[in-house]
Amino acid sequence: MYIGLFLRILVAIWNGFFGPSWGADMDALSFHLKAVEYAHNSTFDEFVIGWIYSYVLGLFYYVTIDSLFLGSLLSCAAWFLSAVLFATCLKMLSVSRNSQVILMLIYALLPSSVL
């Protein structure tokens, strides 16, 4: 879990200060730009289901500042919470310790999720 969080924070630093990482140029940047638009206009009247993340991110930017790095850190925190929930579910399902480690490594190191 902590390895995955560390990797995501490194990617957040790279994306926030040095330029988009591979795969973060179109998708992540479009969500960020839409959230900046929501934060500055403060209008959420055109609610579209596909942009729910941008609405939440726009509210976050409205309260803080519109920084791609802070938005990425928010995504890291959301991922970490989901990893904690996943680990808790594995324990509740009485999955063996070895299987828990393997499943958490797969969950933490999934390339599409890290980038």
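Me: Before we look at the pockets, what counts as a helix here?
Reply: Happy to start there. Helices are DSSP runs of H or I with at least four residues, and they are numbered from the N terminus. Keep in mind that this is a predicted model.

Me: Which helices each supply at least two residues of the lining of the largest pocket?
Reply: The pocket in question has a volume of about 640 Å³. Its lining draws at least two residues from each of several helices: α1 (2-17), α2 (27-41), α3 (52-63), α4 (68-92) and α6 (111-114).

Me: Which helix gives the largest share of the lining of the largest pocket?
Reply: The whole lining has 29 residues, with Ala-28, Tyr-53, Ser-72, Ser-75 and Leu-115 nearest the centre of the pocket. The largest share of that lining is 8 residues, and these come from α4.

Me: How many residues of the lining of the largest pocket are nonpolar?
Reply: Tyr counts as nonpolar and Gly as polar in this scheme. By these classes the lining has 2 charged and 9 polar residues, and the nonpolar ones number 18.

Me: Which helix gives the largest share of the lining of the second largest pocket?
Reply: This pocket holds about 220 Å³ of space, and among its lining residues are Met-1, Lys-91, Arg-97 and Met-104. At least two lining residues come from each of α1, α4 and α5 (97-109). The largest share, 6 residues, belongs to α5.

Me: And how many residues in the lining of the second largest pocket are charged?
Reply: Good one to finish on! Lys and Arg count as charged, and the lining includes Lys-91 and Arg-97. Next to 8 nonpolar and 2 polar residues, the number of charged ones is 2.

Note on methods:
Residues numbered from 1 in each chain as written. Predicted model: local features only at pLDDT ≥ 70, side-chain atom pairs only at ≥ 80, totals over all residues. Heavy atoms only, no water. 1 Å grid on protein atoms, 1.4 Å probe; cavity = no way out; pocket = protein on both sides within 12 Å on 5 of 7 lines; lining within 4 Å. Points joined across faces, edges and corners; volume = space filled by probe spheres on them.
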